Amino acid sequence: MIPRELGKSGIWVYPIGLGGMPMSIQGRQGPGQSIRTIFAALDAGINFIDTADVYCLDNSDIGHNERLIVQGIREWQESRPVTVATKGGMERPNGAWTTNGSPEHLKAACEASLKALDMDCITLYQFHAPDDEVPFSDSVGALRDLRQEGKILHVGLSNVSVSEIREAQKIVEIASVQNECNLYVREAFDEGVVSYCEEQGIAFLAYSPVGGHRKHRRVLEDRLLREIAQKHDVTPYQIALAWLLAKSPVMIPIPGASRPENARSSAEAVSIQLSAEEIAQIDAHTK
Ligand SMILES: NC(=O)c1ccc[n+]([C@@H]2O[C@H](COP(=O)([O-])OP(=O)(O)OC[C@H]3O[C@@H](n4cnc5c(N)ncnc54)[C@H](OP(=O)(O)O)[C@@H]3O)[C@@H](O)[C@H]2O)c1
């Protein structure tokens, strides 16, 4: 297993992270199972966890996932360092997902995340999604200010295009970009975001890497993935992750999990070596 760097931060992480979202949104399991899921991920070698203030049920529950992740890491019996990345720039009025990229909101959200995470400084703080109502440069400027104030160490973006990444880089150094990316949703490849991240030494965090919170079962019905999985004696989910890892050296998939066995299984995908032919077959298969 060769670790991957979070941009040029000097922080090297296990090539697959843990996405915290399924542990805190609608349909979530109880805290006991979530803590066991975090333990399973950490025991398997994962040392990077993605969360957000809005991974919760609604505005009255903001920070649910951040508090859970910190609790899990604290209760874990080992002292290996774990990097937690969180996000700001969205809200959950009555459970809906809305953007708020105003500098005032981002600054207040960062303060709330520092409290929920019980930290003095957030290692990687990501702007969750551009807000049509707020100039992108104002939102990114707020993250630059937070960095200058020592509240965050590195800045990440999410749900952005190449031109937005370029615009943000004029304001502050960008360590990571987090966009949707899996074998069925390939815009990040097709529109050049992944190759731009490679060129710039920015980590690309693939969200929904096994198809997404609601659609992930699609990989189980995928004939080609099942065939390749059978040959390697692994699961189709693990093949979907191994394919992403093979696509770029800056790729760090962050599969979500709310069950320990799924977090463990995702972590194990780093040891799968797909042949060039298998990669080409998957490339051609679902395009
Ligand atoms: N930046 C953004 O706008 C954004 C948007 C969406 C997601 N995200 C981030 O990306 C993470 C991942 O995305 P996602 O949760 O939407 O989708 P996903 O990772 O593609 O799918 C998650 C679901 O797939 C199942 N799963 C994952 N790995 C598996 C495995 N190895 N074997 C069997 N089942 C497996 C899990 O089921 P169980 O729950 O039953 O374990 C989980 O709920 C989120 O948790 C979140 O941190 C970011």
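**Notes on the predicted model**

1. In this predicted model, the shell around the ligand consists of 10 nonpolar, 17 polar and 2 charged residues. Of the 29 residues around the ligand, those that come nearest are G19, M21, Y207, G256 and S258. Two elements, α9 (236-247) and α10 (260-268), each give two or more residues to this shell, and α10 gives the most, with 3 residues.

2. Which residues of α1 and α2 make the contact between these helices? The residues from α1 are P31, S34, I35, I38 and F39, and those from α2 are L68, I69, Q71, G72 and E75. By class, the residues of this contact divide into 6 nonpolar, 3 polar and 1 charged.

3. As for the geometry of this pair, two packed helices are described by the angle between their axes and the distance between the axes. Here helix α1 (residues 31-43) and helix α2 (residues 64-75) pack at an angle of about 60 degrees, and their axes are 9 Å apart. Angles of 65 to 115 degrees would count as roughly perpendicular and angles under 35 degrees as roughly parallel, so α1 and α2 are oblique to each other. The crossing in which α1 passes α2 is right-handed.

4. N94, which is not a glycine, has a positive phi of about 50 degrees, and N94 is placed in the loop between β6 (90-91) and β7 (98-99). N159, likewise a residue other than glycine, has a positive phi, near 60 degrees, and N159 lies in the loop between β9 (152-158) and α5 (162-169).

5. Is N94 buried or exposed? N94 is exposed, because 9 other C-beta atoms lie within 10 Å and a residue with 12 or fewer is placed in that class.

6. P3 counts as partly exposed because it has 15 C-beta neighbours inside 10 Å. When residues up to four places away in sequence are not counted, P3 touches W12, V13, Y14 and P15. P3 and C121 stand 118 residues apart along the chain, and their C-alpha atoms are separated by 23 Å.

Terms used:
Residues numbered from 1 in each chain as written. Predicted model: local features only at pLDDT ≥ 70, side-chain atom pairs only at ≥ 80, totals over all residues. Near = placed C-beta within 6 Å. Helix = DSSP H or I, 4+ residues; strand = E, 2+ residues; numbered from the N terminus. Nonpolar A, V, L, I, M, F, W, Y, C, P; charged D, E, K, R; others polar. Buried ≥ 20, exposed ≤ 12 C-beta atoms within 10 Å, placed from the backbone. Contact = placed C-beta atoms within 7 Å. Axes fitted to C-alpha atoms, helices over the stretch in contact; angles between N-to-C directions. Parallel < 35°, antiparallel > 145°, perpendicular 65-115°, else oblique. Left-handed = near helix turned anticlockwise from the far one by under 90°.
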